[in-house]
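Colleague: I'm new to reading protein models, and I'd like to go through one with you. Could you take me through it feature by feature?

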Protein chains: 2
Amino acid sequence: MEIDYKNIKVIGFDADDTLWINETYFREAEVEFCKLLSPFETFNKIDHELSMKHMEHLAIYGYGIKGFTLSMVEVALELSNHTVSNKTIAKILEIGKDMLNKPVELLEDVELVLQELSKNYKLIVATKGDLLDQERKLEKSGLLDYFHHIEILSDKKEANYSNLLNHLDINPSEFLMIGNSLKSDVLPVVNIKSNAIHIPFHTTWVHEQVGASETNGKVYKTINKLNDLVALLN
Amino acid sequence: MEIDYKNIKVIGFDADDTLWINETYFREAEVEFCKLLSPFETFNKIDHELSMKHMEHLAIYGYGIKGFTLSMVEVALELSNHTVSNKTIAKILEIGKDMLNKPVELLEDVELVLQELSKNYKLIVATKGDLLDQERKLEKSGLLDYFHHIEILSDKKEANYSNLLNHLDINPSEFLMIGNSLKSDVLPVVNIKSNAIHIPFHTTWVHEQVGASETNGKVYKTINKLNDLVALLN
């Protein structure tokens, strides 16, 4: 079954790594963190512990840079056996602030595509993470005018998308989600009989990767670049 | 000019300190933090520095417990002249997690009032702070079914409320906001010619206090307890 584009009324865009670069900044922060803690452990061990801690903390801290920063502090205490210097802790806080202050670097053709699609569709941003942080990025991006509003989802599971459609007051067939994560942007949307298009980003967080069995038999489309959307939807 | 209750379609409830206790937990956390740092400074000085840091950080961290925790860590480093122990840092992280895990303690009559009002009005939660945290509290509260959805606002200024009304697709006269903060829940709403009712909470964060000149000539109603709403709106 193909997507029936003529039904589409609202297009939801994931933000991080779909509209602009994000994952790259987390990777860079991890490298900096590993360097800071290199007196205590190997890079691999530090990176692994941070990744585990971040995932363990998702339930309590949720997504976003503040929770990630708190996780870095906790890992630093633990991996150093509570001997890490105050100076290192201060540097970790700085890593977090630097991430929050990063410039917004748009992915290829984003503005062009939004300009085109906003003529015929209601566009929204549908993202996990922190509202303030995402609003700030949207403002810095210069893309604010193309979007009707931002929807912040505490998670991107089927129930969250069902609530979103309810809230938008549209049927599943009238919604199209665009994003770089099969797990978060595509599969849950397809599972509630709505539509999704996958645009892979060059790095994908290990927590977001899915096995072949999960995608088996699911109908979604993959395109290589955002610009391909215009031909599909016009 | 009185509020014209017969126009009201949507009622927005602030969450923290309007539906359930919140500020009290921040106060308790501050006291714990002051005790932890008492080897370095007086209670008053520590409390003052934390309050200043938290406000300075609002622009970058926004509202909520995670940013507050990061601020506590930073104040601990600074006030101790970078001599605070790792153990104390670990305890600060624990204070933050304890806050996130606090039980939800409803204010008086909340459930009764929501039950009554949900019969005739669309009820929403309109709150600053972290979506995950607020969703968790709403779930714990048992109040989820009374609300159409949660609106997370990155701030509660006039523009945020105008966006909210746009998003809800209603006129200012059709909205009524209920909350404990004059600054966040009442004045900006009244300023965009919508309606608001103030229900004071026994403690109010100093950042949320407003001077008499700001309230002068503004039309809003103050009630002492949530239960008074029912008589007004029925």
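Colleague: Let's begin with a helix. Which residues in helix 8 of chain A are buried?

Modeller: Before we start, keep in mind that this is a predicted model. A residue counts as buried when its relative accessible area is under 20%. In helix 8 of chain A, that picks out Leu182(A), Ser184(A), Asp185(A), Val186(A), Leu187(A), Pro188(A), Val189(A) and Val190(A). The helix covers residues 182-191, and with eight of its 10 residues buried, helix 8 of chain A is mostly covered.

Colleague: OK, now the two chains together. How much area is buried between chain A and chain B?

Modeller: The general idea first: the size of an interface is often given as the accessible area lost when the parts come together. Here, about 3100 Å² is buried between chain A and chain B, and carbon and sulfur atoms give 63% of that. On the chain A side, Ile60(A), Lys66(A) and Asn86(A) lose the most area to chain B, together 21% of what that side buries. As for who takes part, chain A brings 37 residues to the contact and chain B brings 37 residues.

Colleague: How do helix 3 of chain A and helix 4 of chain B cross?

Modeller: Two packed helices are described by the angle between their axes and the distance between the axes. For this pair, the axes come within 10 Å and cross at roughly 145°. The crossing of helix 3 of chain A past helix 4 of chain B is left-handed. On the chain A side the contact is made by Leu70(A), Val73(A), Glu74(A) and Leu77(A), and on the chain B side by Asn86(B), Ile89(B), Ala90(B), Leu93(B) and Lys97(B). Sorted by class, you get six nonpolar, one polar and two charged residues.

Colleague: Which residues touch the most other members of the largest nonpolar core?

Modeller: That core has 64 residues, and the ones touching the most other members are Phe13(A), Phe147(A), Leu229(A), Phe13(B), Phe147(B) and Leu229(B). Leaving out residues up to four places away in sequence, Phe147(A) touches Phe13(A), Leu19(A), Leu114(A), Leu123(A), Ile124(A), Val125(A) and Leu138(A). Another core, of 52 residues, lies apart from the largest one, with Val73(A), Ile95(A), Leu36(B) and Val84(B) among its members.

Colleague: Can we try single residues too? Is His57(B) buried or exposed?

Modeller: His57(B) sits in helix 2 of chain B, and with a relative accessible area of 3% it is buried. Again skipping residues up to four places away in sequence, His57(B) touches Lys97(A), Gly62(B), Ser71(B) and Glu74(B).

Colleague: And where is Asn81(B) found?

Modeller: Look in the loop between helix 3 and helix 4 of chain B. Asn81(B) has a relative accessible area of 63%, so it is exposed. Its phi is positive, about 55°, although Asn81(B) is not a glycine. Now try Asp109(B), in the loop between helix 4 and helix 5 of chain B. Asp109(B) has a positive phi of about 65° and is not a glycine, and at 26% relative accessible area it is partly exposed.

Notes:
Residues are numbered from 1 along each chain as its sequence is written. Chains are lettered from A and ligands numbered from 1 in the order in which they are written. This is a predicted model: local features need pLDDT of at least 70, side-chain atom pairs count only at pLDDT 80 or more; totals for chains, interfaces and linings use all residues. Side-chain values use heavy atoms; hydrogens and water are left out. Axes are lines fitted to C-alpha atoms, for helices over the stretch in contact, and angles run from 0 to 180 degrees between N-to-C directions. Helices (H or I, at least four residues) and strands (E, at least two) are DSSP runs, numbered from the N terminus. A crossing is left-handed if the near helix is turned anticlockwise from the far one by less than a right angle, and right-handed if clockwise. Contact means heavy atoms within 4.5 Å. Ala, Val, Leu, Ile, Met, Phe, Trp, Tyr, Cys and Pro count as nonpolar, Asp, Glu, Lys and Arg as charged, and the others, Gly among them, as polar. A nonpolar core is a set of buried Ala, Val, Leu, Ile, Met, Phe, Trp, Tyr and Cys residues joined through side-chain atoms within 4.5 Å. Buried means under 20% relative accessible area, exposed over 50%, partly exposed in between (1.4 Å probe, protein chains only). Buried area is the accessible area (1.4 Å probe) that two parts lose on being put together, summed over both.
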